[in-house]
Amino acid sequence: MSVSTEIIRLPEPVQAILSRLRDAGYSAYAVGGCVRDSLLGKTPHDWDICTAARPEEMRPLFAGWHVVETGLQHGTLTVVIDHIPYEVTAYRLDGLYTDHRHPDSVSFVRDVREDLRRRDFTVNAMAYAPEEGLIDLFGGREDLQKRLIRCVGEPEERFREDTLRILRALRFAACYDFAIEDGTAAAARAMACDVRRVAGERIRAEMTKLLCGNAAGRILRDFSGVITAVFPELAPMVGFDQHTPWHRHDVWEHTVRAVEAIAPEEALRWTMLLHDSGKPEAFFLDTEGIGHAHGHQKRSAAIAEVLFDRMHFDTRTRDRALLLIEKHDIDMRPDERLLMRQLNRYGEEAVRDLIAVHCADRKARGTELPGEADRWAEGMTAALDALLARQPCYTLASLAVNGKDLITAGFRPGPGLGQTLQALLERVMDGELTNDRETLLGAARSGLMALNDQDTN
Ligand code: ATP
Ligand code: MG
């Protein structure tokens, strides 16, 4: 990897903030992720600044600027320039993370070197200011060149202070396609159980980034022990032989390949990670020695639900992934009647997701010819697009009559009305009726007649 030797180009607002602080006699630097990403030639997604000034000393310096004081107890002021927030944080030491969420206390210091020492990895512990160049006390630049994630200081000690750093190590390695230095990796493996005590939302944030990283597959493979220590529900998947001609790999290897085979989007990557988690539980061998796992989809969804709730997932992502996990194996064919039913039941977004999930699942089995699953997905998408281009009616909302219309036409209000509408929709979806008012009212009336006939018989 070529690590840029050029000076880091700071955006103007960052320069302005640094100048304000420095002109007032406080040292100040761009720090952490933005320095790392700049040296890698990537555009940083945000710029953090650290300074010797304490929050109460910073405040008057930014008088007249748009300042948000949300992180004050951690020494952070956020300066907003052109709608972009810049976090300015006083140099500090962290206390212990006894709640595994926030440090119990922070103490402010005046020396940038002490602030850099509390940071997690060498590549994240560099600071930069135009006047002084790069401050790199722990060989971060060299580790970037070697593509290595290495703890600042003694890994076990650093992981004991904050065990989330174990997942962060895996996350950075997955996102940047870096290796994890041996000592750091050994400590991560030895201490992974402790990650379970970390706040769920912190685990979710790091795990999601890990799963969406370019090298997610390699990390899930090499650190399966860490992942299953954090999520013990997934441990039975590792090395679980499926005893079936439909799968070449054990459940974990299949899972890893399925994660790699789908777009790096949170709900989709979590879906693939968990889609077969219920398989070991549902597994049995038939008399011929072939493995089956009937109903594993529901068990996988039940496991996923527990994990999502433990990590405080937002409802939308949680529900989206749970549906995909539970339905990952449904019958999907380019058959219009079937597709209409699926559109009606799950909606267009989920049907498209399910095509992607099926495709990834098939690729990960390792039993098909290359390109076969992709061709299937293209065929499915073409069939779906062609169907949707005709703007078919597959929801009650787009049916040409509603409850009011039926009442006006003489139907009695009540639950029967809903059933009639549903029956009409089904016949429209099956192509037996066209979706226009007169046809539907006519059909409803004759349906009512049929119902009345039944009553009198
Ligand atoms: P990203 O690109 O994901 O934002 P980042 O390096 O900026 O990466 P953040 O989580 O935003 O990561 O943290 C900013 C900086 O704060 C890190 O670069 C690191 O120096 C420090 N840091 C963050 N979390 C920890 C932690 N748990 N322990 C020690 N230092 C940390
Ligand atoms: Mg950041």
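Okay, let's start with a question: is Gln391 buried or exposed? Have a look at the structure while I get going. One thing to keep in mind is that this is a predicted model.

So, Gln391. You'll find Gln391 in the loop between helix 19, residues 372-389, and helix 20, residues 403-408. And here's the answer: Gln391 is exposed, because its relative accessible area is 70% and the cut-off for exposed is over 50%.

There's something else about this residue. Most residues other than glycine have a negative phi. Gln391 isn't a glycine, and yet its phi is positive, at about 45°.

Where does His83 sit? In the loop between strand 4, which is 76-81, and strand 5, which is 84-90. His83 is exposed too, with a relative accessible area of 78%.

Now, strand 5 takes us into the sheet. Strand 5 runs parallel to strand 2, and four bridges join them. If you want one pair to click on, Ile49 has Val88 in strand 5 as its bridge partner. On to strand 1, residues 28-31: this strand is joined to strand 2 by four bridges as well, but here the two run antiparallel. The pair to look for is Val31 with Asp48, its bridge partner in strand 2.

How much space lies in the largest pocket? About 1,300 Å³. The lining has 42 residues, and Asp48, Glu87, Arg118, Arg119 and Arg168 are the ones nearest the centre. Several elements give two or more residues to that lining, among them strand 2 (48-51), strand 4, strand 5 and helix 9 (200-212). The largest share, though, comes from helix 7, with seven residues.

What sort of residues are they, by class? The lining has 18 charged residues, along with 12 polar and 12 nonpolar.

Go to His83, in its loop between strand 4 and strand 5. Then find Asp48, the bridge partner of Val31.

Methods:
Residues numbered from 1 in each chain as written. Chains lettered and ligands numbered in written order. Predicted model: local features only at pLDDT ≥ 70, side-chain atom pairs only at ≥ 80, totals over all residues. Heavy atoms only, no water. Buried < 20%, exposed > 50% of the residue type's maximum accessible area, 1.4 Å probe, protein only. 1 Å grid on protein atoms, 1.4 Å probe; cavity = no way out; pocket = protein on both sides within 12 Å on 5 of 7 lines; lining within 4 Å. Points joined across faces, edges and corners; volume = space filled by probe spheres on them. Nonpolar A, V, L, I, M, F, W, Y, C, P; charged D, E, K, R; others polar. Pairing = 2+ DSSP bridges.
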